[in-house]
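Subject: A structure to look at

Hi there,

Here is the structure I promised to pass on.

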Amino acid sequence: LALELAEKAGVWDRPQGLQGVWGEMIETWLDELLPENAIGMVERNRLSLLVTPVPSFGKERVSSFINREDLIKCNMASVHLVSFKSNCFSRFPSLSTTL
């Protein structure tokens, strides 16, 4: 799946490679790979992700997710690199801050 997404995004032919397209690729990958019952699989604090809220730049541990989409958005925020992934900040709905 990862190779298929890379080919579709033209990663091998782009001078920047993954830069600017990596975020969409990861989100698609997570959406296709995580089962519909993923939220039930990570309940009861079995999974924690670290995110960095802006403007505090502190660390916030997230281990409770509203639904599967919330889990995916948190994953996206936890791997976010502004200048590499998408040139903009991620939004994680369960937190009141921008990531």
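**What I found**

Glutamate 4 is exposed, with a relative accessible area of 55%; for this label, exposed means over 50%, buried under 20% and partly exposed in between, using a 1.4 Å probe and protein chains only. Glutamate 4 belongs to helix 1, and its C-alpha atom is 9.9 Å from that of methionine 25, a residue 21 positions away along the chain.

Before going further, a word on the model: it is predicted, so local features need pLDDT of at least 70 and side-chain atom pairs count only at pLDDT 80 or more, while totals for chains, interfaces and linings use all residues. Residues are numbered from 1 along each chain as its sequence is written, and side-chain values use heavy atoms, with hydrogens and water left out.

**Overall layout**

The chain has 5 helices and 2 strands, taken as DSSP runs numbered from the N terminus (helices are H or I with at least four residues, strands E with at least two). Read from the N terminus, the order is α-α-α-β-β-α-α. Of its 99 residues, 33% count as buried.

**The largest pocket**

The pocket holds about 190 Å³ of space. A pocket here is an open set of points on a 1 Å grid over the protein atoms alone, with protein on both sides within 12 Å along at least five of seven lines, and lining residues have an atom within 4 Å of a point. Its volume is the space filled by probe spheres set on the points, which are joined across faces, edges and corners. By class, the lining has 4 nonpolar, 1 polar and 4 charged residues.

**Salt bridges**

How many salt bridges does a search of the whole structure find? There are 2, each being a side-chain nitrogen of Lys or Arg within 4 Å of a carboxyl oxygen of Asp or Glu.

One joins glutamate 27 and lysine 73, at 2.8 Å from N to O. Glutamate 27 sits in helix 2 and lysine 73 in helix 4 (residues 68–78), so this pair ties together parts 46 residues apart in sequence. Glutamate 27 is partly exposed at 27% relative accessibility, and lysine 73 is also partly exposed, at 25%.

Arginine 68 and aspartate 31 form a salt bridge too, with their closest N and O atoms 2.9 Å apart. This pair links helix 4, through arginine 68, to helix 2, through aspartate 31, across 37 residues. Arginine 68 counts as buried because its relative accessibility is 12%, whereas aspartate 31, at 44%, is partly exposed.

**Two more places to look**

Cysteine 74 is in helix 4 and is buried, with a relative accessible area of 0%. Its C-alpha atom lies 7.4 Å from that of leucine 49, 25 residues away along the chain.

Leucine 1 lies in the segment before helix 1 (2–9) and is partly exposed at 36% relative accessibility. With Trp29 and Leu33, Leu1 makes a nonpolar surface patch of about 280 Å². Such a patch joins nonpolar side chains (Val, Leu, Ile, Met, Phe, Trp, Tyr) within 5 Å, from residues with over 30% relative accessible area and no salt bridge; the areas come from the Shrake-Rupley method with a 1.4 Å probe.

How values were computed: Patches are made of residues with over 30% relative accessible area and no salt bridge: like charges are joined within 9 Å, nonpolar side chains (Val, Leu, Ile, Met, Phe, Trp, Tyr) within 5 Å. On a 1 Å grid over the protein atoms alone, a cavity is a set of points where a 1.4 Å probe fits but cannot get out, and a pocket is an open set with protein on both sides within 12 Å along at least five of seven lines; lining residues have an atom within 4 Å of a point. Ala, Val, Leu, Ile, Met, Phe, Trp, Tyr, Cys and Pro count as nonpolar, Asp, Glu, Lys and Arg as charged, and the others, Gly among them, as polar.
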